[in-house]
Amino acid sequence: MVYLNGNFIAKKNASISVMDRGFLFGDGVYEVIPTYQGKLFRLSAHLKRLQNSLDAIKIPNPYTNSEWQKILNQLLGYSQSENQSLYLQITRGVGTQRKHSFDTLTPTVYIELNPLVTKTKHALEKGFSVITQADIRWSQCDIKATSLLANVLYSQNAKDNQVEEIILHRNNVVTEGATSNVFMIKAGTLFTHPTGKYILSGITRDLVLESALACKLPIDESAFTVDALLNADEVWISSSTREIMPITQIDKQVINQGEVGRYWACVYHHYQQLKND
Ligand code: PLP
């Protein structure tokens, strides 16, 4: 079951016009919201970021927060699975001809659910490999836009190289992952790129910082270089579907002697507790 423009329908019956600007231009924004035990996790933070993305590209929000909550919970009610990832997309709507500029249109709203499969304990204890690549994206990465061509190519490269993620850098400064935020520990401090136009302000990033405080881990939201990353004591990536993953290999170079770090263990543990709130 999916939601499309006011209707709960079978996915195979869901269709949109070829004149939809999401199809023609990638003219839209999205959110991915995890659900645990049938409950939406950090919904208000996701709805706030959705509003920021909509405002940034001048699409009116079709629903109030309580309307969103009702629709999302109604869709969840059609599913039996406990842990899911909810994908929500709003495009500018359907125009009459293909032109780049836009008139006021009725936004298209599409929502679907997918199983949320977190990594096994065994995989987490082993850690994950990543590779680095130059960040060729535009400089409004704070908008969660559906036009994701660069990210698509990065993720395919990760797949081709059998690594978990691509870590991006602008002029040698680490920004974020293709679909995640990046953290490193150096000399007992947690570093991550500051929010702003070069990264997506991850909801999980905020929870990592909240968990770091609980672990009494000092935080420094300052950018760092690829070289610093390769020499870090611990490296992690975070996202709503990945949670917090320890990285033990970058560009075939081993991090922390290939061991998952103790700070990761504390922050990860705290994050798991937040899920039960
Ligand atoms: N950065 C990028 C480019 C992303 O695509 C994502 C998630 O998909 C994130 C960061 C992490 O955001 P969140 O923690 O809200 O899932």
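Colleague: Where does the ligand sit?

Modeller: The ligand sits in the largest pocket. A pocket is found on a 1 Å grid over the protein atoms alone, as an open set of points with protein on both sides within 12 Å along at least five of seven lines, and a molecule sits in one if more than half of its atoms lie within 2 Å of its grid points. This is a predicted model, in which local features need pLDDT of at least 70 and side-chain atom pairs count only at pLDDT 80 or more, while totals for chains, interfaces and linings use all residues. Residues are numbered from 1 along each chain as its sequence is written, and side-chain values use heavy atoms, with hydrogens and water left out.

Colleague: How many residues surround the ligand, and which are the closest?

Modeller: A residue is near a molecule if one of its heavy atoms lies within 4 Å of it. Here 16 residues surround the ligand, with Arg49, Glu176, Ile203, Thr204 and Ser240 the closest. By class, this shell holds three nonpolar, nine polar and four charged residues, where Asp, Glu, Lys and Arg count as charged and Gly is among the polar ones.

Colleague: Which elements give two or more residues to the shell around the ligand?

Modeller: Helices (H or I, at least four residues) and strands (E, at least two) are DSSP runs, numbered from the N terminus. Strand S9 (173-177), helix H6 (203-214) and strand S13 (234-239) are those elements.

Colleague: In what order do the six strands of the open sheet run?

Modeller: Two strands pair if DSSP finds at least two bridges between them. The order is S2-S1-S6-S5-S3-S4, with antiparallel pairing, and strands S2 (7-9) and S4 (39-40) are the edges, each pairing on one side only. Within this sheet, S3 (residues 28-36) and S5 (residues 84-91) share eight antiparallel bridges, and Ile33 has Leu86 in S5 as its bridge partner.

Note on methods: 1 Å grid on protein atoms, 1.4 Å probe; cavity = no way out; pocket = protein on both sides within 12 Å on 5 of 7 lines; lining within 4 Å.
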